Amino acid sequence: MVSSYPKASQRRNTFHLPRYCIAILSCSIFFASSRSTNGFTMHPHPSSSCSTIVSSKISNGNSNSDTNNQSTRTSSSSSSPSPLCSAKFGYDRSTERADSFILPTLQKAFGEELTHYEIIGDKIIQPNAVGMKLCLTPTQQQQQGVTDDESLKKPKKWPDEVFFKQVLATDYVSSRKDWSDLRRTLLYARTELRFYRDILPIMNQKGFHATPKVYYSHYDFGGWIDEDEHATQPSDESINKEKLPDPLVKGGWLILECVPENTYMQDSPLSVDRAWQCLEAAADLHASAWQDEALLQRASAELSRAAFNLQMRNPKELVGITESWEEFCFNFRGELEAEGLWTERVRNLGSRIKDVAERISEELSPSPTDDYATCIHGDYKAMNVMMGINPEITSAVMIDMATASTGLGMCDVAMHVHHAVEPHDLDGGGEEHLVECYLDALRDRGCEYPRDVAWRHYKLAVVDYARFFMGRMWKAATPETMEQKRDNRNVANINRSIPSAMRFVKVVEKYLTEIEDSL
């Protein structure tokens with residue numbers, strides 16, 4: 001079993017913050033690989049060293065941020081301020097400034113009586129967020145009464161452990177060169193926080209509970225993204241991202257329950273049985289919003305589109321897809337030839353998909369009143385599901401709802417199947433079996449999805465997923481890069497396994513031909 005959370009016996013960073021404190025920090029931070037927590041898979045991160053004086057005070061006064069009510073000043077040995085928020089200097093997401101948001105956020109969720117927390121294990125750095133497991137239990141000394149803080153002796157109003165996730169705007173200003181890419185990162189955060197705050201409670205009332213418990217959900221991107229600005233609106237490329245207001249206090253914060261590691265597991269690739277467990281959870285999600293016009297109207301207004309939906313992607317990806325695919329063919333010519341795929345039709349896949357991309361995307365992007373519309377996960381890869389170790393008694397739990405949206409359920413199915421399942425399990429009818437099992441699960445939940453319509457949607461979604469990979473993930477792929485990613489479970493099978501990639505190309509060409517004939 002893959003451990004989902006670092007154990008408490010591992011390295012802990014301990015913080016005990018009274019009303020006024022001055023702490024001297026000297027740290028060397030390491031990010032280990034392989035272990036994952038609530039949907040974050042840790043990757044190696046260059047260790048960094050810092051020796052910084054942090055002066056902090058909990059303030060009851062006004063603040064520029066609803067979340068950051070802690071006035072924090074970070075300085076080095078010199079008197080000049082540290083340029084932590086400056087795009088030209090960049091920003092280290094492991095510094096104490098990022099940690100200064102943790103306690104105020106915890107207090108908003110659980111009350112000001114909470115004055116102590118510990119970071120268990122390592123922070124988990126992902127491209128669009130930072131996550132960490134927090135222990136909210138007092139230290140042994142405090143439990144024995146060795147403290148002057150009487151509030152710690154009162155009964156707790158909070159769980160022993162939580163998962164804390166934050167997206168700070170300053171983390172991404174320098175790493176996202178285009179405003180459209182930076183905006184998309186922030187929109188992912190807004191979507192997830194809105195989903196947990198506004199959409200999930202409605203779905204809970206309808207019987208959907210395949211997510212962790214939510215303790216707190218809040219964001220502030222005011223001045224950067226208008227609250228009424230929809231995620232699918234084209235970005236304003238005239239915006240100078242380095243001149244946006246108040247970058248130090250813009251961000252999003254989420255506190256979730258910790259899913260127990262002795263009950264749940266994560267893995268990738270998945271066996272057919274495990275993939276079916278994930279697709280059954282997807283059927284639960286889709287059934288809870290199936291053709292519910294009122295719910296979908298709200299989801300459409302507040303959320304986004306799926307991670308690989310054309311409306312959410314950088315326009316440069318589709319513009320350059322033909323050249324990207326030609327480069328892929330050049331790099332994988334030997335592998336394509338070995339599979340009998342070195343044909344003119346395959347070599348022209350990039351231009352062929354480009355020609356139909358907008359029509360496919362339009363058909364896969366239903367309005368709230370359309371038949372078969374539902375709420376989808378939007379990034380349904382294997383590592384975004386916590387699977388019950390014993391599936392007969394523990395159902396799967398979904399995590400990372402940053403691209404939840406109104407859509408067609410087959411978009412989740414198509415991504416999951418080709419992201420998570422190995423070729424030998426998909427061959428010989430395995431792929432068709434998984435799709436049919438999903439359709440049976442929907443029917444068992446009272447959802448009518450005619451098989452001819454469902455299979456058309458599935459094939460469209462597979463080709464749409466291929467469009468995303470050709471324009472984004474595969475444009476710099478080589479056999480060597482796939483070998484380097486071979487053991488990274490957070491990477492799609494088709495981006496770290498040549499047999500998976502070749503099978504995917506074969507299926508895409510087949511489905512695309514059918515779609516072209518029908519248009």
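Is W290 buried or exposed? In this predicted model, W290 has a relative accessible area of 11%, and it is therefore buried, since the term applies to values under 20%. The answer leads into the wider arrangement of the chain, which is described below from the overall content to individual elements.

The protein has 17 helices and 16 strands. Of its 519 residues, 58% are buried. Contacts between residues at least 6 apart in sequence also deserve attention: 79% of them join residues at least 24 apart. W290 and P368 are 78 residues apart in sequence, and their C-alpha atoms are 9.9 Å apart in space.

The position of W290 can now be described. This residue lies in the loop between α5 and α6, the latter formed by residues 293-302. Setting aside residues up to four places away in sequence, W290 touches Y372, A373, T374, L442, C447, E448 and Y449.

Helix α5, which covers residues 272-288, comes next. It lies across strands β12, β14 and β15, and it runs at about 115° to β14. These strands form an open sheet of three strands in the order β12-β14-β15, with antiparallel pairing. The edge strands are β12, residues 264-265, and β15, residues 397-398, each of which pairs on one side only. Strand β14 spans residues 385-388 and is joined to β12 by two bridges. Within this pairing, Y264 stands opposite G388 of β14.

A283 is located in helix α5. Its relative accessibility is 0%, so A283 counts as buried. Leaving aside neighbours within four places in sequence, A283 is in contact with Y438, A441, L442 and R445. A283 and D440 are 157 residues apart along the chain, yet their C-alpha atoms are separated by 9.3 Å.

Just after α14, G446 takes a positive phi of about 85°.

Other strands pair elsewhere in the chain. Strand β13, residues 373-376, is joined to β16 by four bridges, and the two run antiparallel.

Strand β10, residues 214-220, is mostly covered, with five of its seven residues buried. Six bridges join β10 to β11, residues 251-257, and these strands run antiparallel. In this pairing, S217 stands opposite L254 of β11.

The cysteines raise a further point: how many disulfides are there? The count is zero. C258 illustrates the reasoning: its sulfur is 9.5 Å from the closest cysteine sulfur, in C135, which is too far for a bond because a disulfide requires sulfur atoms within 2.5 Å. C258 is itself buried, with a relative accessible area of 16%. C329 also counts as buried, at 4% relative accessibility.

Aromatic residues complete the description. A pair of aromatic rings is described by the distance of the centres and the angle of the planes. The structure holds 21 aromatic pairs. One aromatic cluster is formed by F308, W325, F328, F332, Y465, F468, F469, W474 and F504.

Note on methods: Residues are numbered from 1 along each chain as its sequence is written. This is a predicted model: local features need pLDDT of at least 70, side-chain atom pairs count only at pLDDT 80 or more; totals for chains, interfaces and linings use all residues. Side-chain values use heavy atoms; hydrogens and water are left out. Two strands pair if DSSP finds at least two bridges between them. Contact means heavy atoms within 4.5 Å. Axes are lines fitted to C-alpha atoms, for helices over the stretch in contact, and angles run from 0 to 180 degrees between N-to-C directions. Buried means under 20% relative accessible area, exposed over 50%, partly exposed in between (1.4 Å probe, protein chains only). Rings of Phe, Tyr and Trp (its six-membered ring) pair if their centres lie within 6.5 Å; planes under 30 degrees apart count as stacked, over 60 as edge-to-face and the rest as tilted.
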